[in-house]
Amino acid sequence: MIYLFCGILSGAVLSAICLPLFKKDDTLESAIIEETEWDLLQRKKEVVLGNIQDLDFEYKCGKLSAEDYQKIRAEMGAEAALVLQEIENIEAEADLDALIRRELTARKSKSALQTTICSTCGASNPSTNKFCAECGAKLKR
Ligand SMILES: [Zn+2]
């Protein structure tokens with residue numbers, strides 16, 4: 001059962017890695033809202049950190065050798081550090097306009113935060129979760 005679970009997850013990881021490459025600017029949201037560099041970096045940060053999380057999980061599932069894991073983890077870590085540094089640089093400029101935009105983005109994402117109720121155990125999970133945090137069941141979207 002755990003192997004099946006990992007298989008499903010690695011499929012999800014693959015699509016999570018590949019999808020952002022294909023759908024760059026064709027989302028409705030980016031067509032309406034002008035995005036700043038900061039917004040883009042925030043999204044990149046989410047993707048990079050998500051990938052690291054998935055990688056850790058794959059490693060725990062035994063899908064990766066320690067050697068591969070260390071190598072990929074180091075690359076992802078370097079990428080994450082780079083993104084975080086860029087975000088810090090932008091914030092350090094203390095651009096008032098950017099600060100306002102950041103607050104607006106935070107508000108927007110807060111209101112967009114939806115939950116999915118697990119059909120197996122009834123726990124409420126962030127809708128971005130693929131699996132229930134309580135029981136591990138696959139969440140329907
Ligand atoms: Zn559950």
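Reader: In which helix is Gln 42 found?

Author: Gln 42 is found in helix 3. Helices (H or I, at least four residues) and strands (E, at least two) are DSSP runs, numbered from the N terminus. This is a predicted model, in which local features need pLDDT of at least 70 and side-chain atom pairs count only at pLDDT 80 or more, while totals for chains, interfaces and linings use all residues. Residues are numbered from 1 along each chain as its sequence is written, and side-chain values use heavy atoms, with hydrogens and water left out.

Reader: How many helices and strands are there in the protein chain?

Author: The protein chain has five helices and two strands. Their order from the N terminus is α-α-α-α-α-β-β.

Reader: Is Gln 42 buried or exposed?

Author: Buried means under 20% relative accessible area, exposed over 50%, and partly exposed in between (1.4 Å probe, protein chains only). Gln 42 has a relative accessible area of 17%, so this residue is buried. Of the 141 residues of the protein chain, 26% count as buried.

Reader: How far apart are Gln 42 and Ile 87 in space?

Author: Their C-alpha atoms are 7.6 Å apart, although 45 residues separate Gln 42 and Ile 87 in sequence.

Reader: Which residues make up the largest nonpolar core?

Author: A nonpolar core is a set of buried Ala, Val, Leu, Ile, Met, Phe, Trp, Tyr and Cys residues joined through side-chain atoms within 4.5 Å. Here the largest one has seven residues: Val 48, Ile 52, Leu 55, Leu 64, Tyr 69, Met 76 and Ala 80. Helix 3 (37-60) and helix 4 (66-92) each supply at least two residues of this core. Contact means heavy atoms within 4.5 Å. Leaving out residues up to four places away in sequence, Ala 80 touches Val 48, Leu 49 and Ile 52.

Reader: How many aromatic pairs does the count come to?

Author: Rings of Phe, Tyr and Trp (its six-membered ring) pair if their centres lie within 6.5 Å; planes under 30 degrees apart count as stacked, over 60 as edge-to-face and the rest as tilted. The count comes to one aromatic pair. Tyr 59 and Tyr 69 are stacked, at 4.0 Å centre to centre with 5° between the planes. Tyr 59 lies in helix 3 and Tyr 69 in helix 4, so the pair ties together parts ten residues apart in sequence. Tyr 59 is partly exposed at 31% relative accessible area, whereas Tyr 69 counts as buried at 11%.

Reader: Which residues are the protein donors of the zinc ion?

Author: Donors are N, O and S atoms within 2.8 Å of the metal (3.2 Å for Na, K and Ca); water is not among the atoms, so sites may look incomplete. The protein donors here are Cys 118 (SG), Cys 121 (SG), Cys 132 (SG) and Cys 135 (SG), lying 2.2 to 2.3 Å from the zinc ion. Cys 118, in the loop between strand 1 (115-117) and strand 2, and Cys 135, in the segment after strand 2, are 17 residues apart and link distant parts of the chain. Cys 118 is buried, at 4% relative accessible area, and Cys 135 is partly exposed, at 38%.

Reader: Why is the arrangement around the zinc ion tetrahedral?

Author: Four donors count as tetrahedral if all angles lie between 85 and 135 degrees. The four donor atoms subtend angles of 105 to 114°, which makes the arrangement tetrahedral.

Definitions and conventions. Four donors count as tetrahedral if all angles lie between 85 and 135 degrees; four count as square planar and six as octahedral if opposite donors are over 155 degrees apart and all others between 65 and 115; anything else is irregular.
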